[in-house]
Amino acid sequence: MQLFDHEYFFKFFRLTPTKYEHLLSLIAPAITKSSFRHETIGTSERLMVTLRYVFGGTSQIDLAGMFQICPTSVGRIINETCIAIWTILLAKEYISYPKSEDEWKAIANEFEKKWNFSNCIGAIDGKHIVMQAPSRSGSFFFNYKKSHSIVLMAICNLNYEFTLIDIGDTGRNSDGGVFKNSKIGIAFVSNLLPIPEPKKPNGSNVKLPYVLIKDEAFPLKNYLMKSYPKEILSLKERIYNYRLSRARRIIENTFGILAARCRIFRKSIIANEKTVINVTKAATALHNYLMHGR
């Protein structure tokens with residue numbers, strides 16, 4: 001497939017052969033194994049197993065039969081390769097938060113230009129990653145959707161790329177509670193990020209802070225903006241709600257693209273909590289890798 005059928009290769013691994021080779025060159029040093037006693041599984045095969053698991057949603061038992069590898073080894077390969085993908089792509093800054101005021105302002109300018117919403121530095125939301133109930137966890141991971149999950153809390157920019165993520169909080173917590181306890185929430189509360197000072201939006205004489213836009217599950221803060229909850233609204237309030245909802249849709253679309261690519265998220269993940277977290281990290285890193293420079 002890699003040599004003669006690029007279209008089917010893309011359908012199977014969700015990567016073009018060129019992208020695949022580039023990704024393999026990045027992570028190969030981290031997943032290469034050597035042994036004097038027996039032949040080891042090659043780096044390309046390790047990556048293929050992991051990509052088929054993450055992108056295809058294929059079970060570990062089916063992968064063992066497909067690649068003729070011991071089921072125990074398949075689980076270990078997936079976990080190790082996901083860790084390598086996250087570590088390497090993070091180091092290569094495929095997932096990178098804005099490190100200066102100018103970078104935050106660039107995001108805000110893009111939101112204002114395309115969605116006509118001023119001083120917006122990103123859209124934020126949480127996604128439940130459904131999994132089998134961890135051993136002896138009781139209702140610790142049980143969420144309002146009547147399933148067990150961990151939460152992927154993420155902020156995205158206008159290019160459908162994740163800029164800040166926090167993974168691993170329990171599904172029983174609300175999005176507001178997850179944000180409050182996450183490193184993202186702590187960073188905003190403690191002013192650890194180089195967020196620009198308030199500025200006057202175009203056509204206004206009032207200085208307004210730079211904000212994240214969100215849904216009703218989050219609390220209202222000077223750095224978190226949500227729509228008016230009333231049913232009877234004035235014209236200005238209706239326009240505000242419309243613009244905020246239109247701009248906030250970016251994070252919903254980003255999660256949609258992630259789930260469409262990574263079909264492992266379309267069903268309950270049969271793995272322990274640590275593996276689910278590692279798979280989610282790898283999936284978000286691969287999402288940004290594929291969105292980067294498209």
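**Reading contacts, sheet and core**

Me: Which residues does His287 touch, not counting residues up to four places away in sequence?

Reply: Contact means heavy atoms within 4.5 Å. His287 touches Tyr160, Phe162, Thr254, Ile257, Leu258 and Arg261, when residues up to four places away in sequence are not counted. This is a predicted model, in which local features need pLDDT of at least 70 and side-chain atom pairs count only at pLDDT 80 or more, while totals for chains, interfaces and linings use all residues. Residues are numbered from 1 along each chain as its sequence is written, and side-chain values use heavy atoms, with hydrogens and water left out.

Me: Where does His287 lie, and is His287 buried or exposed?

Reply: Helices (H or I, at least four residues) and strands (E, at least two) are DSSP runs numbered from the N terminus. His287 belongs to helix H10. Buried means under 20% relative accessible area, exposed over 50%, and partly exposed in between (1.4 Å probe, protein chains only). His287 has 1% relative accessibility and therefore counts as buried.

Me: What is the order of the strands in the open sheet?

Reply: Two strands pair if DSSP finds at least two bridges between them. Here five strands form an open sheet in the order E3-E2-E1-E4-E5, and the pairing is mixed. Strand E3 (162–170) and strand E5 (224–225) are the edge strands, each pairing on one side only. Helix H9 (residues 235–261) packs on this sheet and touches strand E1 (120–131), strand E2 (148–156), E3, E4 and E5. The direction of H9 makes about 45 degrees with that of E1, where axes are lines fitted to C-alpha atoms, for helices over the stretch in contact, and angles run from 0 to 180 degrees between N-to-C directions.

Me: Why is E3 described as largely enclosed by the rest of the structure?

Reply: Nine of the nine residues of E3 are buried, and E3 is therefore largely enclosed.

Me: How many disulfides are counted?

Reply: A disulfide is a covalent bond between the sulfur atoms of two cysteines. With the cut-off that the two sulfur atoms lie within 2.5 Å, the count is zero.

Me: Which residues touch the most other members of the largest nonpolar core?

Reply: A nonpolar core is a set of buried Ala, Val, Leu, Ile, Met, Phe, Trp, Tyr and Cys residues joined through side-chain atoms within 4.5 Å. The largest one here has 94 residues, and those touching the most other members are Leu23, Leu51, Tyr53, Val54, Leu89, Phe188 and Ile269. Helix H10 (residues 273–291) gives the most to this core, with ten residues. Beyond its neighbours within four places in sequence, Leu23 is in contact with Leu15, Leu47, Leu51, Leu89, Leu286 and Tyr289.
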